[in-house]
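Dear colleague,

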Amino acid sequence: MHVFHTISEYRYWRNKLPLDVSVGFVPTMGALHAGHASLIEASVAENTFTVVSIFVNPTQFGPKEDLSKYPRTLAADVALIEQQGASIVFAPAPSEIYPETPTQMIFGIRDLDKKLCGASRPGHFNGVVQVVSLLFHIVQPHNAYFGQKDFQQLLIIKQLVKEQHFPVKIIGCPTQREVDGLAMSSRNVFLSEREREQAKVLSAILFHLQKNRGSFASIESMKNFAYSALSDCPLARLDYFELLEENNLNEMPDLLSANCPHAFIAVFFGTTRLIDNLRL
Ligand code: AMP
């Protein structure tokens with residue numbers, strides 16, 4: 001396995017590949033866990049070569065967010081990637097990706113970026129789309145793997161690829177969870193013991209609604225269930241809980257006529273923000 005820190009090193013390797021191979025790509029911000037490992041595993045199974053990028057992208061963090069304290073664990077990440085059988089780690093410095101102060105890039109992502117995390121984190125998806133476009137140009141993958149844990153991001157990347165005609169197939173992979181249901185996240189390490197205990201409320205709400213969907217008469221009653229479960233967790237501060245149509249994030253008229261209803265939740269524990277989602 002090679003670890004490249006510059007675009008020119010990567011391009012030298014990429015340009016030598018024959019035309020009949022496939023390159024799978026897993027973009028990450030590092031601090032890797034079993035969720036990332038599952039994406040790498042899927043790519044290794046389906047491609048000749050797998051490239052994993054590690055890049056904490058500054059343009060997707062708001063001014064008051066956790067860019068400087070985001071966990072950075074390069075040595076452990078490289079070991080995990082090698083163990084999974086990937087071929088290349090691409091870990092550029094911010095100055096390699098953005099040699100000049102990046103300009104704001106506006107993409108037509110059909111208002112998918114205006115709701116949920118986009119409403120709570122203005123500019124976040126613009127930064128995500130910006131870095132994913134740059135990485136697609138550099139890496140030139142055939143297939144790219146993204147987690148359903150970040151469901152809105154996955155939809156936006158699919159829209160980006162469609163609109164910009166990137167010759168890349170986007171593959172969504174299932175959310176990996178801890179034993180008690182909490183979705184794995186690089187930010188879970190910031191939770192105190194009490195916060196970690198209460199953090200299982202996110203997935204508990206989602207799985208309860210999925211299992212008992214038929215016993216809820218309305219969207220409102222599902223929302224009330226979520227609010228009531230959260231009120232038992234004094235350390236949890238709700239950012240959003242929404243029930244939307246899965247393919248376009250549109251509001252649903254009602255539960256019966258809804259097309260693929262999907263629940264989305266974001267909760268703060270102190271300054272740590274956790275997200276989760278589930279098809280109902
Ligand atoms: P991040 O490093 O958090 O930017 O995530 C990199 C990729 O890993 C994204 O496509 C995420 O959706 C995916 N990912 C993060 N957590 C999980 C998880 N628990 N299960 C599956 N995929 C995940």
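By the rule that a disulfide is a pair of cysteine sulfur atoms within 2.5 Å, the count here comes to zero. The sulfur of Cys117 lies 19 Å from the closest cysteine sulfur, that of Cys173, and is therefore too far away for a bond. Cys260 is likewise in no disulfide, its nearest cysteine sulfur, in Cys173, being 19 Å away. Cys117 is buried, with a relative accessible area of 7%, whereas Cys260 is partly exposed at 28%; buried means under 20% relative accessible area, exposed over 50%, and partly exposed in between, with a 1.4 Å probe and protein chains only.

Please keep in mind that this is a predicted model, in which local features need pLDDT of at least 70 and side-chain atom pairs count only at pLDDT 80 or more, while totals for chains, interfaces and linings use all residues. Residues are numbered from 1 along each chain as its sequence is written, and side-chain values use heavy atoms, with hydrogens and water left out.

In helix α9, residues 201-211, the buried residues are Val201, Leu202, Ser203, Ile205, Leu206 and Leu209. Among the elements that cover them are α8 (193-198), α10 (219-231), β7 (236-245), β8 (261-269) and β9 (272-279). Helices (H or I, at least four residues) and strands (E, at least two) are DSSP runs, numbered from the N terminus.

Glu251 sits in the loop between β7 and β8 and counts as exposed, at 56% relative accessibility. From Tyr98, Glu251 is 153 residues away in sequence and 37 Å away in space, C-alpha to C-alpha.

Best regards

Methods:
Contact = heavy atoms within 4.5 Å.
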